[in-house]
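Work through the exercises below with the sequence and the model open. Each task is followed by its solution.

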Amino acid sequence: MNDLTYPEEGGTRRTPLPPGYHHLHEELPIGHGRAALTAAGEAIITFRMHRAAGARIRADAPRAAPGVRVEVALGIGPLRLRAPCTVVWTVAEEHRIGFGYGTRPGHPECGEEAFVAELRTDGSVWFTVTAFSRPAGTFTRLAGPLVPVFQRRYVRHLGRTLRRLTSHQ
């Protein structure tokens with residue numbers, strides 16, 4: 001995956017996150033039980049969560065897998081922000097399902113972001129987003145401290161969307 005714009009490939013799989021970046025870690029409750037985990041994991045790994053949250057997704061494959069190239073687009077018309085990424089890791093374990101992707105040239109940020117659904121021992125299902133990033137484009141450099149605020153709001157929006165997608169389970 002030599003087209004990534006950062007050297008710490010897979011950095012969202014471990015702690016601590018790489019230094020020199022803004023770090024984000026959000027955990028949101030989304031449901032309860034194995035059926036909720038399965039539904040949430042499927043929505044994450046098929047990019048359905050992103051689409052249902054209003055993002056336009058173009059991907060090389062219908063499911064996240066290492067090496068799959070993804071372009072996430074937010075906004076409309078000339079105000080659309082495009083974010084090319086590559087999936088760098090996936091997890092499909094008994095209690096955890098998700099993936100992490102990293103930025104490619106043209107992305108307004110430089111770094112990696114991971115989306116994971118987890119079934120905890122009490123039966124609750126949580127959505128976790130872990131990311132490290134720094135500005136890579138003029139827009140994000142000028143936006144400065146507003147970028148992390150936007151990222152947190154977007155993550156919470158994803159969590160609400162995922163909760164809605166799994167609420168029938």
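**Exercise 1.** Decide whether Phe99 is buried or exposed, then find its ring partner.

Step 1. Phe99 has a relative accessible area of 0% and is therefore buried (buried is under 20% relative accessible area, exposed over 50%, partly exposed in between, with a 1.4 Å probe and protein chains only). This is a predicted model, in which local features need pLDDT of at least 70, side-chain atom pairs count only at pLDDT 80 or more, and totals for chains, interfaces and linings use all residues. Residues are numbered from 1 along each chain as its sequence is written, and side-chain values use heavy atoms, without hydrogens and water.

Step 2. Rings of Phe, Tyr and Trp (its six-membered ring) pair if their centres lie within 6.5 Å; planes under 30 degrees apart are stacked, over 60 edge-to-face, the rest tilted. For Phe99 and Tyr101 the centres are 5.4 Å apart and the planes at 65 degrees, so this pair is edge-to-face.

**Exercise 2.** How many disulfides does the whole structure contain?

Step 1. The search finds zero disulfides (cysteine sulfur atoms paired within 2.5 Å).

Step 2. The sulfur of Cys110 is 11 Å from the closest cysteine sulfur, in Cys85, which is too far for a bond.

Step 3. Cys85 is buried at 2% relative accessibility, and Cys110 is buried at 7%.
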